Amino acid sequence: MAGLYVHVPFCAKRCIYCDFYSGTNMAYKDGYLSALIHEMEMRRDYLRGEQINTVYFGGGTPSRLNVCDFERVFDAVYRLFSLARKPEITIEVNPDDLSDEYVLSLTKMPFNRISVGVQSFSDEDLRLLNRRHTAAEAVNAIHRCKDAGYDNISIDLMYGLPGQTVDGWADNIGKAVALDIPHISAYNLTYEEGTLIDGKRKRGEIQPAEDELCESFFYLLTDRLADADFIHYEISNFAKRSPSYPDGRISVHNSSYWNGTHYMGIGPSAHSCDGDTRSWNVSSVTEYVDAINEKAEIPHEMEYLDERTKYNDFVITRLRTIRGISLDELRTAFGEERERHFLKKSEPFISSKKLKVEGENVKVTRDGFFISDSIMRELIVL
């Protein structure tokens, strides 16, 4: 089983924290769609005949496309690839795009999972982040999706914002839980180089939240969602238990990045990995469109994955998850010497209770999750 990612690089306006590739000029849309389909045609054998189990439209803002645009893309997907009997097909959307008419149009497409970019239920936070919607519009959008029959809905939230308080973050969590949705993703705000919010930080216009406060936000989040019967299955992701999903309704597509599933990304800036190579397309709509539509060339870069890189990827991705690292899988894939290296490097974190051993698996503990990046840096091979 494999995953297919489709990057939609269009936004109505840029959020100040975003470092994903996107632009606001929709004039390139038709050329982009043609190039997207041509790329799929040229790369139809990339996944070596593996059946596609997930399709994910990310961005940018995929909800900037209309039903006719999606029909063109899906026609190509179903023509060129073998899909599983019931694939998970996700679209990322902005709340203010989800009018009654737009949600109805989505129900005519194969989408069966909707990821709503809420970020916050505070209008003050949303203005800071330069979001297009209000808190009330976000709540109404989610209700529209539920009324239209969607039962697999996820929302994104963000914490550690300048000026955010514990009470404010608690209110966000409470409103998210009250929506009775099966999945929540929550991210600590980061100041990526080149983003508008990083510029504000450097100019002293905003003051980043202290690390200790962000850590308290994280533990408040995990505790409140655990009380609401969500499983913390990956550092930033929570899936709610139900009779139909006793282990939580996880994001199957995103899990493919953490469990080694092969995936192909199409569109400008999209990444792909087939287990032996990793590649990424140019981060420019114009270069992407011109190269494919005029020269029949896919503008991309590629690297071959040596054993060290594969080992490091294995450690970094598996430790993000509730399952952790299977020592048996590690030993089978990389040999006993790498296993001994991993266990030796893990000892200090096991002693400090940042890691734990359960049977054949090494996992990050609750106390280790928030500093997991620093733990991973010590466990990889340089």
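Student: How many bridges join strand β3 to β4?

Tutor: This is a predicted model: local features need pLDDT of at least 70 and side-chain atom pairs count only at pLDDT 80 or more, while totals for chains, interfaces and linings use all residues. Residues are numbered from 1 along each chain as its sequence is written, and side-chain values use heavy atoms, with hydrogens and water left out. Strands are DSSP runs of E (at least two residues) and helices are DSSP runs of H or I (at least four), numbered from the N terminus; two strands pair if DSSP finds at least two bridges between them. Strand β3 (residues 83-93) and β4 run parallel, and the number of bridges joining them is four.

Student: Which residue stands opposite Ser 115 of β4 in strand β5?

Tutor: Strand β4 also pairs with β5 (residues 153-159), in the parallel sense and over four bridges. Towards β5, the residue opposite Ser 115 is Ser 154.

Student: How many of the residues of strand β4 are buried?

Tutor: Buried means under 20% relative accessible area, exposed over 50%, and partly exposed in between, with a 1.4 Å probe and protein chains only. Arg 113, Ser 115, Gly 117 and Gln 119 point one way from β4, Ile 114, Val 116 and Val 118 point the other way, and all are buried. Strand β4 (residues 113-119) is therefore largely enclosed by the rest of the structure, the buried count being seven of the seven.

Student: Which residues of helix α9 are buried?

Tutor: The cover over the buried residues of α9 includes β1 (2-8), β2 (52-59), β3, β7 (230-234), β8 (237-240) and α11. Just after α9, Gly 260 takes a positive phi of about 85°. Within α9 (residues 252-259), the buried residues are His 253, Asn 254, Ser 255, Ser 256 and Trp 258.

Student: Are helices α11 and α12 roughly parallel or roughly antiparallel?

Tutor: Axes are lines fitted to C-alpha atoms, for helices over the stretch in contact, and angles run from 0 to 180 degrees between N-to-C directions. Under 35 degrees counts as roughly parallel, over 145 as roughly antiparallel, 65 to 115 as roughly perpendicular, and the rest as oblique. The axes of α11 (residues 307-318) and α12 (residues 327-334) come within 11 Å and cross at roughly 170°. The orientation of α11 to α12 is therefore roughly antiparallel.

Student: How many nonpolar, polar and charged residues are in the contact of α11 with α12?

Tutor: Contact means heavy atoms within 4.5 Å; Ala, Val, Leu, Ile, Met, Phe, Trp, Tyr, Cys and Pro count as nonpolar, Asp, Glu, Lys and Arg as charged, and the others, Gly among them, as polar. Glu 307, Lys 310, Tyr 311, Phe 314 and Arg 318 of α11 meet Glu 329, Leu 330 and Phe 334 of α12. By class, this contact has four nonpolar, no polar and four charged residues.

Student: What is the orientation of α12 to α13?

Tutor: Helix α12 packs against α13 (residues 336-351) with the axes 7 Å apart. The angle between α12 and α13 is about 135°. The two helices are therefore oblique.

Student: How many salt bridges does the structure hold?

Tutor: A salt bridge is a side-chain nitrogen of Lys or Arg within 4 Å of a carboxyl oxygen of Asp or Glu. One of them joins Lys 202 to Glu 193 at 2.8 Å, N to O, and a network of salt bridges links Arg 48, Asp 274, Asp 276 and Lys 310. The total for the structure is 29.

Student: How many residues apart are Glu 41 and Arg 79?

Tutor: The side chains of Glu 41 and Arg 79 meet in a salt bridge of 3.1 Å, N to O. This pair links distant parts of the chain, with Glu 41 in helix α1 (residues 29-42) and Arg 79 in helix α2 (residues 67-80), and their separation in residues is 38.

Student: Is Glu 39, the salt-bridge partner of Arg 43, buried or exposed?

Tutor: The closest N and O atoms of Arg 43 and Glu 39 are 2.8 Å apart. Arg 43 has 11% relative accessibility, so it counts as buried. Glu 39 has a relative accessible area of 0% and is therefore buried.
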